[in-house]
Amino acid sequence: MSLGPVEYIVIEFPGNQFKGDIIPALREVVDKGIIRIIDLVFMRKDEQGNVSAMELADLQKDAADAFAPLAREASTLFADEDVKKVGEVMEKNSSVALLLVEHVWATRFRDAVLAANGRVIAGERIPKEAVDAALAWQPEEQEALEAAP
């Protein structure tokens, strides 16, 4: 099986205040086939700096039931070393969702690039705050983006 581009994402919730508000948005992009969740790990760091990690099966029933449809095809690809590295950068008293996602939407484009003997040599996700700051200097571009569907 050939996967589309794969990316890991670490989402931190300071104060261990995960409320599940991201589940509907995540469900939407999974159901539309935009992304596929390959692995999903939940982590918590207490006030003393102790880190615990949980797979989907380790969660409380209500949380596991909410995430299960999103991670139907999830495996356990994150290594202990990956989890340890995330635990080192987490703030105390916070929770983390560590996701490994396939960008299904980009598979056809990736295949076309490869067929044309092309290759990606660089890429980086630009934080929303940096984009917003750049657009603040160009109000007409920001208005066009906000008006786009």
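This is a predicted model: local features need pLDDT of at least 70, side-chain atom pairs count only at pLDDT 80 or more; totals for chains, interfaces and linings use all residues.
A residue is taken as exposed when its relative accessible area is over 50%, as buried when that area is under 20%, and as partly exposed in between.

In total, 6 salt bridges were counted. One of these links Glu28 and Lys32, with a distance of 3.2 Å between the closest N and O atoms. Lys32 has a relative accessible area of 59% and is therefore exposed, since the cut-off for that class is over 50%, whereas Glu28, at 44% relative accessibility, is classed as partly exposed. A second salt bridge joins the side chains of Glu102 and Arg36, at 2.8 Å from N to O. Because Glu102 belongs to strand β4 and Arg36 to strand β2, this pair ties together parts that lie 66 residues apart in sequence. Both Glu102 and Arg36 are buried. A further salt bridge is formed by Asp111 and Arg110, whose closest N and O atoms are 2.7 Å apart; Asp111 is partly exposed, with a relative accessibility of 37%, while Arg110, at 19%, counts as buried because the limit for that class is under 20%.

Strand β2, which contributes Arg36 to the pair with Glu102, also runs antiparallel to strand β3 (residues 51-55), to which it is joined by 5 bridges. Within this pairing, Val41 stands opposite Glu55 of β3. The two strands, β2 and β3, form a hairpin in which 5 residues separate them, and Gly49 in the turn adopts a positive phi of about 95 degrees.

The largest pocket has a volume of about 450 Å³, and of the 16 residues that line it, Pro5, His103, Ala106, Val120 and Gly123 are the closest to its centre. Two or more lining residues are given to this largest pocket by β1 (6-14) and by α4 (107-115), with α4 supplying the largest share, 4 residues. By class, the lining of the largest pocket comprises 9 nonpolar, 2 polar and 5 charged residues.

The second largest pocket has a volume of about 360 Å³. It is lined by 16 residues, of which Phe18, Arg44, Met54, Leu59 and Ala63 are the closest to its centre. The elements that provide two or more residues to the lining of the second largest pocket are β2 (36-45), α2 (61-67) and β4 (94-102). The residues of this lining divide into 10 nonpolar, 3 polar and 3 charged.

Terms used. Residues are numbered from 1 along each chain as its sequence is written. Side-chain values use heavy atoms; hydrogens and water are left out. On a 1 Å grid over the protein atoms alone, a cavity is a set of points where a 1.4 Å probe fits but cannot get out, and a pocket is an open set with protein on both sides within 12 Å along at least five of seven lines; lining residues have an atom within 4 Å of a point. Grid points are joined across faces, edges and corners, and a volume is the space filled by probe spheres set on the points. Ala, Val, Leu, Ile, Met, Phe, Trp, Tyr, Cys and Pro count as nonpolar, Asp, Glu, Lys and Arg as charged, and the others, Gly among them, as polar. Two strands pair if DSSP finds at least two bridges between them. A salt bridge is a side-chain nitrogen of Lys or Arg within 4 Å of a carboxyl oxygen of Asp or Glu. Buried means under 20% relative accessible area, exposed over 50%, partly exposed in between (1.4 Å probe, protein chains only).
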